[in-house]
Amino acid sequence: MYVRLTKRGDIPRFVRQTTERGADVGTAGTTAERSDVPRLRADASRNRERIVAAAREAFVEYGAEVTLDQIARRAGVGNATVYRHFADRSELIRQVTLEIMNRIVDLAESALAESPDAFEALQRFVHGAAGERIGALCSIMSDGYELIAAELAEKRTRLERALEDIMDQARGSGLLRPDVTAGDILIALPQLTRPLPGTACLNLDRFVDRHLQLFLDGLRAPGHSILPGTAATFEDLQRHH
């Protein structure tokens, strides 16, 4: 901003006015606007996280038919905010799938470091993965799988490597029966945590950890029976998709 300065008998002249700290008044508004950008970005990031978390809960509670309007209400945001982050329902499903996969991979990779032995690490992983509600979300995740197969490939490789490492160490220490594979675990998890039809109102989730522990106890060495059929492999899981 320019200010006219005159003295008696002088030719009028103009100087550029600055703020007290020397900042240009003309750019003061721009500076303030720039300082708001990180806050706005943080707010947008928090809204996105709330939407994804609400979508995950809604998919568990209501299944695949839940609407974006329901998700918006659960997240405490307006419909426009949801559509600003996610163009359609498929895009939101993809993001929920990636979020769940990230968390499960993190569980597998951290389990050994946070457990006193390898079998305890396996238990930690199984109970933690069940807490992600992968049984209830299995059909939703399958819907979005093809569209993000490339993005999931690297995560799947990390999960396979981490889980096999846990089970190799558990076998090597004599804690895990030798005829069980990582593929068996990944197939059993969604089967054991999937809600039964017509039981949504019965709150049967409180029994999940109990039944998972029964399953885990059956994995301990020595095995007391011969398992029928062949062990599941990661190739079996990939063929399913």
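**Stop 1: Arg177.** Select Arg177 and Ser225. A polar atom of the Arg177 side chain lies 2.7 Å from the backbone oxygen of Ser225. Keep in mind that this is a predicted model. The Arg177 side chain reaches the backbone oxygen of Gly218 at 3.3 Å.

Where does Arg177 sit? Look in the loop between H7 and H8. Is Arg177 buried or exposed? Arg177 counts as buried because its relative accessibility is 6%, and the cut-off for buried is under 20%.

Next, show what Arg177 touches. Leave out residues up to four places away in sequence. The contacts are then Arg171, Gly218, Leu219, Arg220, Ala221, Gly223, His224, Ser225 and Leu227.

**Stop 2: the whole chain.** Zoom out and colour by secondary structure. Follow the chain along its sequence: the pattern is β-β-α-α-α-α-α-α-α-α-α-α.

The accessible surface comes to about 14800 Å². Carbon and sulfur atoms own 52% of that surface. The chain has 241 residues, and 32% of them count as buried.

How far apart in sequence are the residues that meet? Take the contacts with a separation of 6 or more. Residues 24 or more positions apart account for 68% of them.

**Stop 3: the core.** Hide the surface. Select Ile71, Leu92, Leu122, Phe125, Ile185 and Leu189. These residues have the most contacts inside the largest nonpolar core, which holds 53 residues.

Which elements give two or more residues to this core? Select them by range: H1 (25-62), H2 (68-75), H4 (89-111), H5 (118-131), H6 (134-145), H7 (149-172), H8 (182-193) and H9 (208-217). H4 gives the largest share, 10 residues.

Centre on Leu189. Again skip residues up to four places away in sequence. Leu189 touches Phe125, Val126, Ala129, Ala130, Ile134 and Leu212.

**Stop 4: helix H2.** Select Leu68, Ile71, Ala72 and Ala75. These residues of H2 are buried. Why do they lie on the same side of H2? They cover an arc of only 100° around the axis, so they share one side of H2. An α-helix has 3.6 residues a turn, so residues three or four places apart point the same way. Look down the helix axis to check this in your viewer.

Last, step past the end of H2. Gly76 follows H2. The phi of Gly76 is positive, near 75°.

Notes. Residues numbered from 1 in each chain as written. Predicted model: local features only at pLDDT ≥ 70, side-chain atom pairs only at ≥ 80, totals over all residues. Heavy atoms only, no water. Helix = DSSP H or I, 4+ residues; strand = E, 2+ residues; numbered from the N terminus. Buried < 20%, exposed > 50% of the residue type's maximum accessible area, 1.4 Å probe, protein only. Contact = heavy atoms within 4.5 Å. Areas by Shrake-Rupley, 256 points an atom, 1.4 Å probe, with all protein chains shown as cover. Core = buried A, V, L, I, M, F, W, Y, C linked by side-chain atoms within 4.5 Å. Arc of directions from axis to C-beta. Polar contact = N/O pair within 3.5 Å; in protein donor to acceptor, adjacent residues only side chain to side chain.
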